[in-house]
Amino acid sequence: MSIVTSGPAVSSRALGVLLDSWRASSSPGYAALADRIRLLVLDGRLSVGTRLPSERDLATHLGVSRTTVAAAYAALRDAGHVTSLRGSGSVVRLPDQARIRSTRPAAEGDVLDFTKAAMPAVDGIAEAAQRAAGRLGAYLSEPGYDTVGRPVLREAIAARYRARGLETSADQIVVTLGAQHAIALLARVLVGRGDRAVVETPGYPHAFEALRAAGARLAPVSVTVEDGWDESALLQTLRRTSPPVAYLMPDFHNPTGATMPEAQRVRVLEAAADEGTIVIADETMAELVVGGPRGASPAGAGAGGGAGARPLPMAAYGPAVTIGSVGKSLWGGLRIGWIRAERPLVERLVRARSAGDLGTPVLEQLIVADLLGDMDGVLEARSRQLRHGRDRLVAGLRSAFPGWSVPAPAGGLTTWVGLGAPVSSQLVLAARRHGLLLAAGPMFGVDGAFERFLRVPYSYPDDETDRALAALAAAWDGIDGVQAPRGALMAEVV
């Protein structure tokens, strides 16, 4: 593999922030440092091609000997996570597949990947694909490049918004290659280099990446399980910086599960409009209510609980651009998302899109248009699945780890667990050795915070959830000196 020398460099100070509490281990200093840098690479917080600080600079900043840093870099080179060349420094890379496999259990099936908050495909996708293939012939005389979306799907998406209480026409919809593509396209069109962009923290890390790639400087605002959005800080940030965009996830926020109350939505949108800020509302989790009848207010939704109906889509309360997708509700293998915006912005997005891609596959659009016809039934089934999964995971975590704070979210796919100690990265590394892959809390922060938190999905089958609980218990037993006495892991969780 060639050595990358032209990539970005991370300063000792910036790396020190990301490393945070790396010394919270009884391992030798160099091993603890190497482990934490390796996790930053595996989590994507240090991108491939990034040049690490010199041994001398990092040692000075961390207050350790140069020998410690040199030994850590050597361990990273041996594991394939760093390449070094005299005169070029040490550059982040990913190890080859043989080395990756050697760090995992012998049987690949023994590895549980809980880094993804996702569900298996909903019933009926194969049949919908067959029906869509039968209709594909009507489109084969066309070039097939579709930068805006097929009318049948745009109308189906618009109808879904109308069913949720927001008047929408098909020409307000742009169909994209999933929600991530939608975020990146909006960032490219709306953000200029050096612009501020308001984001939530913790928040969705790939949105951070898309905004940074467009040149934005992130302005984080806190969201918590208990209190939801720090409204005072959010409004002050809008007024102080007048950012062109604010990226928010108002419904079953990832990862906290909070839902923004209706009155707060109005105040935030009014403040944003006063500053000329476009609010991008990511609603990919909005309809994933856990249990209860459709339309009922989800009890215990953090900031979004209370009496009355569930909030309407964000754009019903004021000017907002919304993002949706079927990756969470139907299946991640259907790479279909969308943007709902006013027509002038729709036109700008369509004009700009061809610089990055030439359109969304027609067959997948026809499949999704077919499935959206029974979306209420799909969501009812998903709600039952998620409630069962949430209750099983939450009960298991609370029983096995009584010292942890384990919320039971009213919707979404994950719970944001408080560990009671700044050991999230250490726990994730230990879990990997037991065949469980998790995303450490700092992955959801802008600056390396959230070492006291862990995101755990409850969207997996029972047997995998139980295996994950057992792996977590084994990993927690290996964390140095931080465990409160914990209960025995239940053989069967109900």
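The exercises below concern a predicted model.

**Exercise 1.** Determine how helices α8 and α12 are oriented to each other, and describe the contact of α8 with α12.

*Solution.* Two packed helices are described by the angle between their axes and the distance between the axes. Step one: α8 spans residues 179–190 and α12 spans residues 343–353; they pack at an angle of about 100°, and their axes lie 10 Å apart. Step two: α8 and α12 are therefore roughly perpendicular to each other. Step three: from α8, the residues His181, Leu185, Leu186, Arg188, Val189 and Leu190 meet Leu345, Arg348, Leu349, Ala352 and Arg353 of α12. Sorted by class, this contact has seven nonpolar, one polar and three charged residues.

**Exercise 2.** Identify which residues touch the most other members of the largest nonpolar core, and list the contacts of Leu427.

*Solution.* Step one: the largest nonpolar core has 124 residues, of which Leu186, Leu211, Leu397, Trp404, Leu427, Leu436 and Leu472 touch the most other members. Step two: with residues up to four places away in sequence not counted, Leu427 touches Trp404, Leu419, Leu454, Leu472, Ala475, Trp476 and Ile479.

**Exercise 3.** Decide whether Asn254 is buried or exposed, and characterise the surroundings of Asn254.

*Solution.* Step one: Asn254 is placed in the loop between β8 (245–248) and α11 (262–274). Step two: buried means under 20% relative accessible area; Asn254, at 8% relative accessibility, therefore counts as buried. Step three: residues up to four places away in sequence aside, Asn254 touches Pro202, Gly203, Tyr204, Met249, Thr414, Phe444 and Arg455. With Arg455, Asn254 makes a side-chain to side-chain polar contact (3.2 Å).

Technical notes
Residues numbered from 1 in each chain as written. Predicted model: local features only at pLDDT ≥ 70, side-chain atom pairs only at ≥ 80, totals over all residues. Heavy atoms only, no water. Axes fitted to C-alpha atoms, helices over the stretch in contact; angles between N-to-C directions. Helix = DSSP H or I, 4+ residues; strand = E, 2+ residues; numbered from the N terminus. Parallel < 35°, antiparallel > 145°, perpendicular 65-115°, else oblique. Contact = heavy atoms within 4.5 Å. Nonpolar A, V, L, I, M, F, W, Y, C, P; charged D, E, K, R; others polar. Core = buried A, V, L, I, M, F, W, Y, C linked by side-chain atoms within 4.5 Å. Buried < 20%, exposed > 50% of the residue type's maximum accessible area, 1.4 Å probe, protein only. Polar contact = N/O pair within 3.5 Å; in protein donor to acceptor, adjacent residues only side chain to side chain.
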